[in-house]
Amino acid sequence: MSTSSIPEEVVRRHSRREARARAFNDLQATRARLAAGTSLKPEFEYELLTMFARNELGASVTMPALYALFAIACMFWAPPAEAIIWLITVITAKVVLLDQCRRFLTIPQSKVNVRLWRRRLIMLELLSGVALACFALVGVRETLQAPTEMVFSSHVFIFATLIVVLAIRTMFAATIPAILYAGTIPMTIAVVCRLLLLGNVFYLALATMAIGIHLYFLFLSRGMRATTLSMLEYRTEKDALIAELEEQKSVSDEARRRAEAANMAKSRFLATMSRELRTPLNAILGFSEVMKEEMFGPMNNPQYREYAGNIHESGTHLLHLINEILDLTRIESGRYELHEAPLRLADITDECHRLLKLRADGKGIEVIEETDPDLPLVWADLKALRQVCLNPMSNALKFTPKGGRIVLSVGAMPDGGQFMSVRDNGPGIPADEIPKVLQAFGQGTLAHQTAEGGAGLGLAIVQNLMELHGGALNPQSELRKGTDATVILPGYRVLQAMAPLQPLGQETHRLKGIARSRPARLRPGHPGAGGTAAAG
């Protein structure tokens with residue numbers, strides 16, 4: 001298997017694993033729905049039963065009070081004994097239902113048999129519905145023999161009672177249609193039958209209206225049930241998404257922790273290998289330089305001398321690369337210590353100019369310094385800032401064509417800080433490649449097209465060193481117009497000179513000396529100083 005096909009194989013294997021997991025979860029959900037005897041998920045059915053039980057317990061006081069008002073009202077046309085018997089019957093049925101609802105809520109979800117409890121609650125609701133339906137039978141014999149006004153008012157009240165009961169039961173049991181049917185159909189049948197017994201067109205219309213209102217409430221309950229199920233599905237999806245996000249976060253945190261530990265181990269290893277890497281390399285450089293310069297006598301074969309020069313140049317390049325890697329690893333591992341002292345940024349640019357002058361003259365590149373001699377000192381690490389200036393300047397010399405120009409600038413920032421910039425008129429860097437060249441081992445397209453590509457560590461080291469100083473690297477570039485690498489030191493690193501406590505020429509010791517050297521006749525209080533003493 002080729003290396004390029006490995007990621008595709010891994011992706012296909014991961015996709016097949018996810019498909020098997022989804023199929024297994026779907027199979028489990030189907031089995032659970034079949035065992036529960038419903039098309040809903042068992043957890044949804046449990047939530048719907050829980051909502052119904054909580055609604056019933058929430059109205060455990062108001063509903064008996066409402067039934068008591070119905071009983072009192074029907075005493076105007078029915079015997080009080082029948083009303084009291086009906087009230088006791090309906091409250092007893094309600095108490096049994098409330099007791100079972102309370103028991104249902106106290107049982108843990110894992111131990112609830114959803115199918116059994118749904119059947120039990122349907123039967124109890126049917127019992128409560130039949131008890132409510134008996135309200136339409138209270139005082140039937142007396143009402144049929146009563147005056148017309150009493151017949152009219154009593155039946156209108158019974159019709160209004162049916163509407164109230166339908167509204168309440170729809171609000172409480174809309175999410176479970178079977179419970180809603182068990183609680184409302186008996187009441188509607190009883191009211192319709194009582195209205196039809198009167199044999200009047202008006203009451204026939206009321207009976208028809210009662211059936212229509214019942215159907216309307218059933219239709220309304222379907223919408224409420226659909227809304228509730230959608231809410232439960234959204235909540236389940238949200239919970240699943242949160243669980244998946246937490247799982248992925250834990251996985252990513254563990255991966256990041258391992259990556260950081262591996263990176264720290266790598267950095268500590270490279271930082272501790274500094275001596276082991278540099279010692280043999282210095283020996284190679286020293287011996288190759290001795291052979292190249294023929295310090296112990298001439299070489300008979302000139303090709304050996306050329307090989308010695310190549311070894312010295314390659315060793316020098318390798319030493320420079322190792323130093324950059326070690327500097328970067330020390331910074332990343334937190335083992336780079338700053339040795340801070342007062343210094344001038346203009347002195348650093350002048351020193352870097354002198355160090356790279358021969359290289360610039362060899363390529364015919366003009367180097368210009370633009371510095372302000374009146375800038376105050378800064379508190380920084382000399383070696384670090386020297387490298388901060390050398391790395392961008394080396395890049396500028398590397399990529400600026402022959403006859404180009406490099407400007408080294410030092411100045412003050414508006415917020416009190418200072419900046420140091422290296423600006424060239426070379427080919428520039430595309431804007432989308434600037435974040436790439438600031439990363440470790442990051443190189444732009446121009447570096448790949450030239451023979452002096454380097455390792456891509458220069459600007460990464462500069463950025464890290466400036467972060468150690470609390471500053472920043474701000475590179476700006478434009479194609480065919482050049483690059484400007486500017487480093488900024490914060491204002492708190494600028495050493496401001498204190499104003500003299502005693503102005504020049506007015507020091508305390510000078511004033512005391514002048515006072516002692518003055519003639520006695522000029523001193524205040526002397527008899528010959530003038531005034532009355534002079535006259536005496």
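Reply: Let's start with the rule: rings of Phe, Tyr and Trp (its six-membered ring) pair if their centres lie within 6.5 Å, and planes under 30 degrees apart count as stacked, over 60 as edge-to-face and the rest as tilted. Before using it, note that this is a predicted model, where local features need pLDDT of at least 70, side-chain atom pairs count only at pLDDT 80 or more, and totals for chains, interfaces and linings use all residues. Residues are numbered from 1 along each chain as its sequence is written, and side-chain values use heavy atoms, with hydrogens and water left out.

By that pairing rule, the count is eleven aromatic pairs. Take Phe70 and Phe157: their ring centres are 6.3 Å apart and their planes sit at 85 degrees, so this pair is edge-to-face. Phe70 belongs to helix α3 (residues 62-74) and Phe157 to helix α7 (residues 148-173), so the pair ties together parts that are 87 residues apart in sequence. Helices here are DSSP runs (H or I, at least four residues), and they, like strands (E, at least two), are numbered from the N terminus.

Phe70 is buried, with a relative accessible area of 8%, while Phe157 is partly exposed at 28%.

Phe157 also forms an aromatic pair with Phe135, and this one is tilted: 6.4 Å centre to centre, with 55 degrees between the planes. Phe135 lies in the loop between α5 (114-133) and α6 (140-144), and Phe157 is in helix α7, so here the pair ties together parts that are 22 residues apart in sequence. Phe135 is buried, at 2% relative accessibility.

Phe70, Phe135 and Phe157 form one aromatic cluster together with Tyr67, Trp77 and Trp86.

One more ring is worth a look, this time with a charge. A charge sits over a ring if NZ of Lys or CZ of Arg is within 6 Å of the ring centre and within 35 degrees of the ring normal. Arg120 does this with Trp117, lying over its face at 4.4 Å from the ring centre.

Terms used: Buried < 20%, exposed > 50% of the residue type's maximum accessible area, 1.4 Å probe, protein only.
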